[in-house]
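Dear colleague,

Please find below the structure that I am handing over to you. My notes on what was found in it follow.

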Amino acid sequence: MISVENVSKVFNEGTAQAFEALHAVELEVSKGETIILSGVSGSGKSTLLSLIAALDKPSSGKITIGGELVSKLPDLHASAYRAKSIGFIFQHFNLLESLSVEENVIAPLINSGLDIVTIKEMAAKSMDRAAISHKASQQVKELSGGEKQRCAIARALVHEPELIICDEPTANLDRANSLKFIEILQSLYERGKTIIVATHDPLFESLPFVGKVVHMEDGIIVNREQGADQSE
Amino acid sequence: MPGNMIMKNAFLHFLTLLLFKQKGKHIGAVLISVIIIFLLSSVLFISSSLQKTLLDTLEYQSDFTVSRVQAGKSVTTPVDWVDKIIEINGVTKVAPRIYGRYFFAPREESFLLFGVDFFDEQSSKVFESLVKEVDLKSFLTTESMLVGSGVRSFLSKHYYKENFSFKTPKGSFKKVKIEEVLPSQSGLISNDLILMPIDLSREIFGLEENEVTDITFNVPNDAEWDNIIAKLHLLFYDIRVVEKREIKKAYENLYNYKGGLFLILYLVTIVTFMLILYQRYSMVYSTERKEIGILRAVGWSIKDILKLKFYETVVVVFVSYIVGVVLAYLYVFIFDAPILSQIFLGGANLTNHVTFVPVLKFGLLGSIFLFYAIPFLAAVLIPAWKIAVTPPKEAML
Amino acid sequence: MNEILLSNEVIVYLLSETVLYLLLFVAFLATVGLLRRWNFDLFTTEQFALENRSYLVMTIIFFVMLLKVILLPYFVYTIDKLSDLVPGAMCAAGVIKANVYGNPLLALKIIILFLSGLWLSMNSIDIKAKNYPYLKVKSWFFLLIFFFLSVEFFLDIAYFTHIETTNPVSCCSVIFGQTGGANGLPLGLDIPKLLILFYLLFVLVVLTVLSGLALMSIVASILFGVIAYYAVVYFFGTYIYALPTHLCPFCMLQDHYYYVGYLVWGLLLLGLFLTIDRAVMQYFFKQSSKNLKRISLLCLSLFVLLCSTYVAVYYFKNGVLL
């Protein structure tokens, strides 16, 4: 369902600080597959993720998702695409600190045309799944790392996206919370979601539901491995 | 039901959320705005209230006032001019008047002393509202006068409680009873005013039987006005003609001028304010940029962010405007604008205790709103855009 | 001249126009940049920045147009107030005619509002597409509008700085009326024929809009607009003033007549704009909108109803027509 074709990304092009973060990357992800992007920081994982999520545009190449050419969408469409089809879980959570958990979770749906009652119901369901309902009206500022992560998960899943993207999700978590996170990922996999995780946490590579592990270094894919999940 | 729809509208819900939780961001702008609007509105309220009061009194004035001039100065006017004026076609209600300034010599204060022919319809009409409360019969049997509140307090200070003895030019004294004080609503006009029967005033000013200060008359058909002015100048070589329409214009311009000056002052303030606003909202605080980046990352389009910023600003504008205007209204019309009123009335002869008549014109409020809202919104527009196009990747950092 | 410039309303009005023109100038510069460098197929940072800049242009135009819609009645209100200062003027009509700039200014303002509205409709179609198909057309169109806006700004200043408070102007009865014996109606029409045209054209507009005949509805709307102007000034207005000789498009904006003038002209202009806007969008861009169509017809119908009601009320009150 995801097709990354010959994608390159150059930052600060035309200046002395020009820097090629990605070079001729090719990647295919099938629907319902779980992919791990591994590599040290600076290897280009985050950049690739942001391109797939239409958070940024490539300098060359094509990214097609579900038949839709995502790499060249004008803003109105790109944001609609993000709002509908992508659930992004950031490394540093990226929550609105001054708002409560529930308020963060409803944020993606505000412009969807739904009324607030329906939105709050959806948020309640999502917070439930992420096991953070008990903190719904608490300000995000006051949460622990693990709780913030769960809030971020609830937000990423509130609109039932098909594609879930995680950027170093366990980097700021302890082992117990990391395992809890993996549990949630597993349940998402079981519900047929497509998942891409960028991480250098070794916990992920041997998971039973991982379809592919892609190693990156200095902006290029250096290695691909089949994961434990052979159901292709 | 529309009420329900508003409640259920997710966007408004979220907007209210953000506004409440981020009050601090906007407090500065609201405060300065309220002060600016308050001052501006007060100035405009005062000037339009004064204008209305002046124009209202002008209503009853005659269309024309003529007097004799000598060496460019107004001097006493011969009463027999009245007969000649009556003969002019189109002229009605000719009435001679006696008035002038009476100087209270030891202290050099002066009052405006008006002689009214209470039996003459035209003259008495002008003062109708002022003398409404007075028992004319008793007033006219003794030699009495009506005084304004400023006069009254001045006289009391000098121990003249019931009567006052005017010194006539002939050297004699004329004792006149203080009958009533003129109502305070007319404060502006009547403050240093004394009204008395016309013959009494003639005595006090030492005018001869055939002299008056000036003559007023009406000309109902305004097409004739210019004609009649020409005729008057032909009849009397030493006549000065003052038209009501000129006075009206002068009054309107009087406060326009002062009001205009203030507005120019505000122009300067507003420009400064705009610059400050632009600066302030431009200092794209990294927190706000990050927040907007987060919203963009979860699917908010640039249009959505712009909508948010726009409504945010509109709320700030409206709240500041309403608070500013209400405060100004209370200040001017309930508390009678201490301090500012002195600036406007330019220190008249006696201390003025003026009550401002509430005047609320929709157009005035609209002008204040536009004057404030347009520069404000314009100043915030570009910073708001800058922040709305924050690339969502900002959230990744 | 000084008194004019120092009157509160004129200061506020000119300040507003200046601020808006400055913003529009920024939009103009941005648009020129867009025209020169836009290439949707490029993936450069510059192109991405240009897309952002196009948002600046549309935000400015949206904001400015919104305010100009408010400033138009405010302009008329300002002029009306000035009638106290200009000798001979009893309402805005006299003040508008105080110099040669008045009428062109007013007409230009209305035209600009129409054009800006069309621009915004076009823009909303453009950003919904996947590759900004109309960006170049939009930009050139804005350059045209900006030209008009510059002329308007110039006329604004020229007009207000050339109003004499010493020379008397004619009042509306002279400008519009039959006092000179002249017939103000075009093409030698008389009142009955004018009214027939008025109602017929109204029906024609309704029919062409409902049946989706875009070009026809544009033509019908424009014709209706012209005829409606004359009908209001020369017939319906007299019923608002209850005086057969009082012919004036501006007096009805005064508080004396409960400001009904704003409603009459507002409904007419809004209805005409929506009709023409929808027709243009349909014809050139194949976009139709049922809702807006309905609103446009509603406005025009209310307008016709309002005018006719004044006549009907008068007739019922007095048993005769003027």
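Which strands of chain A does helix 1 (residues 45-52) lie across, and at about what angle does helix 1 run to strand 8? Helix 1 of chain A lies across strand 3, strand 7 (163-167), strand 8 and strand 9 (212-217), and runs at about 150° to strand 8 of chain A. Helices (H or I, at least four residues) and strands (E, at least two) are DSSP runs, numbered from the N terminus. Axes are lines fitted to C-alpha atoms, for helices over the stretch in contact, and angles run from 0 to 180 degrees between N-to-C directions. Two residues count as being in contact if their C-beta atoms, placed from the backbone, lie within 7 Å.

Please note that this is a predicted model, in which local features need pLDDT of at least 70 and side-chain atom pairs count only at pLDDT 80 or more, while totals for chains, interfaces and linings use all residues. Residues are numbered from 1 along each chain as its sequence is written, and chains are lettered from A and ligands numbered from 1 in the order in which they are written.

The sheet of chain A

In chain A, six strands form an open sheet of mixed pairing, in the order 6-7-8-3-9-10; two strands pair if DSSP finds at least two bridges between them. Strand 6 (86-89) and strand 10 (220-226) of chain A are the edge strands, each pairing on one side only. On average, neighbouring strands of this sheet are turned by 15° against each other, direction ignored. Strand 3 (residues 34-38) and strand 8 (residues 194-198) of chain A run parallel and are joined by four bridges. Thr34(A) stands opposite Ile195(A), in strand 8 of chain A.

Contacts between chains

Chain B places 26 residues in contact with 28 residues of chain A. On the side of chain B that touches chain A, helix 2 (10-21), helix 13 (286-297) and helix 14 (302-334) of chain B each supply at least two residues. Helix 2 of chain B gives the largest share of that side, six residues. That side of chain B has 14 nonpolar, five polar and seven charged residues; here Ala, Val, Leu, Ile, Met, Phe, Trp, Tyr, Cys and Pro count as nonpolar, Asp, Glu, Lys and Arg as charged, and the others, Gly among them, as polar.

Between chain C and chain A, nine residues of chain C are in contact with 10 residues of chain A. Helix 3 (45-82) and helix 5 (102-128) of chain C each supply at least two residues of the side of chain C that touches chain A, and helix 3 of chain C gives the most, three residues.

Domains of chain C

An automatic or database domain assignment gives chain C domain 1 (2-161) and domain 2 (173-318). The C-alpha centres of domain 1 and domain 2 of chain C lie 25 Å apart. Their contact takes 13 residues from domain 1 of chain C and 15 residues from domain 2 of chain C. Helix 5 of chain C supplies the largest share of the domain 1 side of this contact, six residues.

The nonpolar core

The largest nonpolar core has 218 residues, of which Ile165(A), Ile60(C) and Cys172(C) touch the most other members. Such a core is a set of buried Ala, Val, Leu, Ile, Met, Phe, Trp, Tyr and Cys residues joined through C-beta atoms within 7 Å, and a residue is buried if 20 or more other C-beta atoms lie within 10 Å of its own. Helix 3 of chain C gives the most to this core, 17 residues.

With kind regards

Notes: A residue is buried if 20 or more other C-beta atoms lie within 10 Å of its own, exposed if 12 or fewer, and partly exposed in between; C-beta atoms are placed from the backbone.
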